[in-house]
Amino acid sequence: MRTGKIGLRSFLFQRHVPDVPTPRCSCGLGHETAYHVVVECPDTAETRGTLRRQVAPAALYSRRDFAAALSDPDLAATIVRWVLRQNRIPQFTLATCIGGDIGEQRHRRERAAWQSLKANSARHIRVEVAAPPPPIFI
Ligand SMILES: [Zn+2]
């Protein structure tokens, strides 16, 4: 998404995809880029409030905000999931239907497991050092 090489009209038009005659968004106000869809497009304004609440306290009002949000892996994942739910990228629509909720639940589980492992790793190392295996007498 950061590179703009995503299946939105602007990129597909640049790549001369036959069924994409224009880079313009269906709203008519700009090229259909990730930035336009996430920050500017009036057609996504209704759900944009939800996205802004999800990424808060980070803001999504300018190119600088957008770039900063995409440099954070968690915020970037949230933004990508939101863009996929906008049904602007037809090749991902089926994947969103199938994996949307499951993918989000899995992401939360993996993140919680990773944070738990990170928080406990120092304690585990100390336990191993403090409790060496008992000597073996033959
Ligand atoms: Zn638009």
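User: Which residues touch the most other members of the largest nonpolar core?

Analyst: This is a predicted model, in which local features need pLDDT of at least 70 and side-chain atom pairs count only at pLDDT 80 or more, while totals for chains, interfaces and linings use all residues. Residues are numbered from 1 along each chain as its sequence is written. A nonpolar core is a set of buried Ala, Val, Leu, Ile, Met, Phe, Trp, Tyr and Cys residues joined through C-beta atoms within 7 Å; buried means that 20 or more other C-beta atoms, placed from the backbone, lie within 10 Å of a residue's own, exposed means 12 or fewer, and partly exposed is in between. The largest core has 17 residues, and those touching the most other members are A34, V37, V38, L60, F66, I79 and V83.

User: Which helix supplies the largest share of this core?

Analyst: Helices here are DSSP runs (H or I, at least four residues), numbered from the N terminus. At least two core residues come from each of α2, α3, α4 and α5. The largest share is five residues, and its source is α2.

User: Is A34 buried or exposed?

Analyst: A34 sits in helix α2. Within 10 Å there are 23 other C-beta atoms, so A34 is buried.

User: Which residues is A34 in contact with, leaving aside neighbours within four places in sequence?

Analyst: Contact means that the C-beta atoms of two residues, placed from the backbone, lie within 7 Å. A34 and G7 are 27 residues apart in sequence, with their C-alpha atoms 9.4 Å apart. The contacts of A34 beyond four places are M1, G4, I6, L8 and V83.

User: What does V37 touch, not counting residues up to four places away?

Analyst: V37 is one of the core residues touching the most other members. Beyond four places in sequence, V37 touches L8, E32, T44, V83, Q86 and R88.

User: Where is P57, and what is the omega of the cis peptide bond that joins A56 and P57?

Analyst: P57 is in the loop between α3 (45-55) and α4 (63-70). For the cis bond joining A56 and P57, omega is about 10°.

User: Is H16 buried or exposed?

Analyst: H16 is in the loop between α1 (9-14) and α2 (34-40). Its phi is positive, about 60°, although H16 is not a glycine. H16 has 7 C-beta neighbours inside 10 Å, and therefore counts as exposed.

User: What is the phi of N87?

Analyst: N87 lies in the loop between α5 (73-85) and α6 (90-130). N87 is exposed because 11 other C-beta atoms are within 10 Å. N87 is not a glycine, yet its phi is positive, at about 55°.
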